[in-house]
Amino acid sequence: MLPVLLVSIDNTVLNFALPAISTATRPTGVQLLWMVDIYPLVLAGLLVAMGNLGDRIGRRRLLLIGSVGFGVVSVFAAFSPSVEGLIIARAALGFFGAMLMPSTLSLLRSTFVDRDQRRLAIAIWATGFAAGSALGPVVGGILLEHFAWGSVFLIAVPVLLPLLVLAPILVTESRDPKPGRIDIVSIALSLGTMLPIVYGIKTIAETGVNVLTLAPVVLGLILGLWFVRRQLRLPNPMLDMGLFRRGAFSGAVGVNLLSVTALVGCLFFISQHLQLVLGLSPLSAGLVLVPGLAAMIVAGLLIVPIARRVRPSRVVPMALLISVAGFASIALRGGQIDAVSIGFAFVLLGIGIGAAETVSNELIVATAPADKAGAASAVSETAYELGAVLGTAVLGTILTVSYRAAVLLPEGLSAAERVAAGETLGGAVAVAEHLPAGMAEQLLDSARHAFDSGVGLTAWIGVALVLAAAVVALVALRRAR
């Protein structure tokens with residue numbers, strides 16, 4: 001559970017540190033998105049490869065290697081001297097984080113052979129994600145109240161130390177008895193599929209739609225097709241594409257992808273709205289979301305006895321409809337939403353997504369052969385992390401474009417100030433600190449209205465994504481029991 005807590009804490013802590021980082025370093029809008037996305041992007045690109053490697057060399061061994069690397073790079077990220085250095089550090093965290101996540105879920109698969117025990121174990125595993133997400137804003141808020149933003153990365157150290165001591169004692173090693181060879185070409189293709197696609201989305205946010213911005217997206221799709229064709233031809237593929245022919249497996253992966261895309265995109269704008277628009281401190285903003293994250297934990301555990309009796313094709317869509325109500329409550333209010341309403345909406349989001357993902361994760365693991373548990377678990381984690389990438393890239397890009405189009409900058413700003421204030425809300429807040437009172441108030445009022453002008457649209461897209469996940473569950477899981 002410690003690696004699960006670590007990775008989830010790292011995700012939510014950065015979201016709440018974004019305003020402080022924006023104020024201190026003044027990144028461009030694209031740099032801000034890359035800062036968030038590079039970590040889950042590298043994770044998503046390498047998870048299948050690392051899951052395959054864990055099946056080969058031992059899942060516990062890979063877990064320990066990843067833990068050491070993650071801890072060392074976390075210290076470097078805490079003292080990163082520049083935006084570029086922080087982005088590089090986040091990429092390295094993604095590399096070592098990819099060693100952690102498939103190992104945890106696949107070790108559960110090999111430890112708990114009884115289906116009911118495994119379902120409860122996976123519910124607790126998912127609870128670890130939610131608990132980490134709940135701890136991240138609170139602990140991060142306390143740190144940001146008293147220390148520089150780099151302190152949020154040092155949380156990894158006290159989490160990893162007991163893992164390194166106790167895992168060799170408590171966790172039994174497991175591996176695939178007949179592993180295939182490590183396929184460097186497939187690893188390169190999996191990375192080459194996602195990097196250009198996300199880069200293209202980000203450059204569309206910067207310069208608009210044209211041939212140069214669409215070319216990376218097309219390249220990524222071509223490489224993705226090449227990856228699939230290669231897996232189908234290899235006698236021992238890195239990823240067994242036959243798993244996707246099972247409706248329960250592919251449907252559960254689709255539910256994870258769509259729901260996490262919506263959830264992470266929501267967190268991206270909610271964390272900034274609470275701090276930069278409503279003026280809450282990082283700790284207070286984190287506490288607003290704690291009830292929703294607690295609801296996610298409780299829903300993930302309570303769904304276990306229900307899932308023994310109710311078909312997944314019924315229980316998952318019903319759970320997701322609760323999340324739809326949460327997104328709709330934000331969308332209907334647009335930018336005119338207070339902290340209490342955000343907290344209530346996030347409770348609805350947490351109940352629906354927490355319950356649905358417990359069931360979908362158990363289906364992914366249960367439908368895969370035991371000797372391929374690492375690769376199957378990696379697919380589940382890839383859906384999570386790719387959803388995190390797309391949530392920030394797509395919804396964050398829409399929000400960024402909306403902000404740039406709507407913000408009105410007062411006369412008298414320097415060229416550098418106009419660039420910083422026109423890129424992000426955090427940049428506008430940083431610029432306003434050095435302006436005369438009247439000009440600062442004018443800039444902040446315009447920037448906050450510009451930011452909130454995109455909140456309603458972004459929330460409606462969240463409604464559409466979660467509804468799509470419910471439809472996928474209704475159709476693809478109809479034969480799952």
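Is the crossing of α3 and α6 left-handed or right-handed? The crossing is left-handed. Keep in mind that you're looking at a predicted model. The chain is assigned three stretches: domain 1 (1-182), domain 2 (184-233) and domain 3 (242-480).

- Domain 1 covers 1-182 and domain 2 covers 184-233 in the assignment.
- Going by C-alpha atoms, the centres of domain 1 and domain 2 sit 25 Å apart.
- On the domain 1 side 11 residues take part in the contact, and on the domain 2 side it's 11 residues as well.
- The size of an interface is often given as the accessible area lost when the parts come together.
- For domain 1 and domain 2, that buried area is about 1100 Å², with 76% of it on carbon and sulfur atoms.

**α3 against α6**

- Helix α3 takes in residues 59-78 and helix α6 takes in residues 156-170; their axes come within 10 Å and cross at roughly 155°.
- An angle over 145 degrees counts as roughly antiparallel, so α3 is roughly antiparallel to α6.
- From α3, the residues that meet α6 are R60, L63, L64, S67, V68, F70, G71, S74 and V75.
- Their partners in α6 are A156, V157, L160, L163, L164, A167 and P168.
- Sort the residues of this α3 and α6 contact by class and you get 12 nonpolar, 3 polar and 1 charged.

**α3 against α4**

- α3 also packs with helix α4 (residues 83-111), at an angle of about 155° and with the axes 8 Å apart.
- That angle makes α3 roughly antiparallel to α4.
- The α3 and α4 crossing is left-handed.

**α9 against α16**

- Over in another part of the chain, helix α16 (residues 437-453) packs with α9 at an angle of about 160°, and their axes are 11 Å apart.
- α9 and α16 are therefore roughly antiparallel to each other.
- The crossing where α9 passes α16 is left-handed.
- α9 brings F269, Q272, H273, L276 and V277 to this contact, and α16 answers with R448, F451 and D452.
- By class, that contact of α9 with α16 holds 4 nonpolar, 2 polar and 2 charged residues.

- L258 is part of helix α9, which takes in residues 247-277.
- Where does L258 find its contacts, once neighbours within four places in sequence are left aside? Its partners are L465, A468, A469 and V472.
- L258 and A470 are 212 residues apart in sequence, yet their C-alpha atoms are 9.3 Å apart in space.

Methods: Residues are numbered from 1 along each chain as its sequence is written. This is a predicted model: local features need pLDDT of at least 70, side-chain atom pairs count only at pLDDT 80 or more; totals for chains, interfaces and linings use all residues. Side-chain values use heavy atoms; hydrogens and water are left out. Axes are lines fitted to C-alpha atoms, for helices over the stretch in contact, and angles run from 0 to 180 degrees between N-to-C directions. Helices (H or I, at least four residues) and strands (E, at least two) are DSSP runs, numbered from the N terminus. Angles under 35 degrees count as roughly parallel, over 145 as roughly antiparallel, 65 to 115 as roughly perpendicular and the rest as oblique. A crossing is left-handed if the near helix is turned anticlockwise from the far one by less than a right angle, and right-handed if clockwise. Contact means heavy atoms within 4.5 Å. Ala, Val, Leu, Ile, Met, Phe, Trp, Tyr, Cys and Pro count as nonpolar, Asp, Glu, Lys and Arg as charged, and the others, Gly among them, as polar. Domain bounds come from an automatic or database domain assignment. Buried area is the accessible area (1.4 Å probe) that two parts lose on being put together, summed over both.
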